[in-house]
Amino acid sequence: MRVSEAIATRRAIKQFDPEHQLSEADQDRLIELAMQSPTAFNLQHWRFVVVRDPARRQAIREVAWDQAQVTDASMLVILTGRRDVWQNEAERVWRDAPAEVREMMAGAIDAYYRDKPQVERDEVMRSCGIAGQSLMLAAREMGLDSCPMDGFDFEAVGRLINLPDDHLISFMVAIGKKANDVWPRPGQLSIDEVRRVDGF
């Protein structure tokens with residue numbers, strides 16, 4: 001499937017075939033592709049929580065407005081990110097760069113994030129958003145469907161997955177085989193309404 005076709009045919013699916021299974025190899029492939037997504041300073045903020053335990057999925061469904069895709073999809077991924085990754089991983093993710101580049105990046109990263117909690121949070125959200133789209137498009141290429149989700153109690157889900165204090169949840173993605181065809185797109189804005197040239 002061409003990338004443009006994957007973009008055009010991706011829809012937020014609400015009803016999944018609960019009998020459909022995804023192999024561990026296919027699940028690994030999806031996460032590996034999502035990991036190719038860009039992140040600021042190559043910090044790779046994201047941590048992908050793949051929820052496999054049926055009881056935990058049911059508990060998440062209970063704090064997610066009882067949305068069936070939480071339990072019925074073949075794969076449930078909670079996209080989280082580590083806020084302080086810039087303090088702990090910068091040296092490791094630049095380890096293969098020339099020494100002068102490593103030194104330059106260390107200073108730039110520190111200057112960008114230090115004492116800026118909003119920047120930390122924003123970067124987690126941006127990184128997870130890009131990775132989530134990569135995940136959904138990779139799923140579409142594999143003939144799968146997906147649903148990005150933010151309709152849940154973030155604090156409750158955080159407790160259910162033992163989210164560390166230095167992490168944030170961005171959103172969840174349910175992946176599997178759709179159970180029913182979806183209705184046509186309900187209404188798209190025109191390009192002239194959303195495109196601005198050289199400013200507003």
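## A tour from pocket to salt bridge

Start at the second largest pocket, whose lining divides by class into eight nonpolar, five polar and three charged residues. Here Ala, Val, Leu, Ile, Met, Phe, Trp, Tyr, Cys and Pro count as nonpolar, Asp, Glu, Lys and Arg as charged, and the others, Gly among them, as polar.

A word before you click on: this is a predicted model, in which local features need pLDDT of at least 70 and side-chain atom pairs count only at pLDDT 80 or more, while totals for chains, interfaces and linings use all residues. Residues are numbered from 1 along each chain as its sequence is written, and side-chain values use heavy atoms, with hydrogens and water left out.

**Stop 1: the second largest pocket.** Select Arg52, Arg57, Thr71, Ala73 and Ser74, which lie nearest the centre of this pocket among its 16 lining residues. The space inside is about 250 Å³. A pocket is an open set of points on a 1 Å grid over the protein atoms alone where a 1.4 Å probe fits, with protein on both sides within 12 Å along at least five of seven lines; lining residues have an atom within 4 Å of a point. Its volume is the space filled by probe spheres set on the points.

**Stop 2: the largest pocket.** Now select Arg11, Ala12, Lys14, Val182 and Trp183, the residues nearest the centre of the largest pocket, which has 13 lining residues. This pocket holds about 320 Å³ of space. Its lining comprises five nonpolar, three polar and five charged residues.

**Stop 3: Arg82.** Go back to strand 2 and pick Arg82. Is Arg82 buried or exposed? Arg82 counts as buried because its relative accessibility is 17%, where buried means under 20% relative accessible area, exposed over 50% and partly exposed in between (1.4 Å probe, protein chains only). Asp84 is buried too. Show both side chains: they meet in a salt bridge of 2.9 Å, N to O (a side-chain nitrogen of Lys or Arg within 4 Å of a carboxyl oxygen of Asp or Glu). Leaving out residues up to four places away in sequence, Arg82 touches His45, Asn88, Glu89, Val124, Asp166 and His167, with contact meaning heavy atoms within 4.5 Å.

**Stop 4: two further pairs.** From the neighbour Glu89, look for Arg92: the two form a salt bridge with closest N and O atoms 2.7 Å apart. Glu89 has 11% relative accessibility and so counts as buried. Next, select Arg126 and Glu123, a salt bridge with closest N and O atoms 3.1 Å apart. About one helical turn separates the two, because they are three residues apart in helix 8 (residues 117-141). Arg126 is partly exposed at 42%, whereas Glu123 is buried at 6%. Back at stop 3, salt bridges with shared partners link Arg82, Asp84 and Asp166 in one network. The whole structure has 10 salt bridges.

**Last stop: zoom out.** Show the chain as a cartoon to see 10 helices and four strands (DSSP runs of H or I, at least four residues, and of E, at least two, numbered from the N terminus). The C-alpha trace spans about 55 × 45 × 30 Å along its principal axes. Of the 200 residues, 40% are buried.
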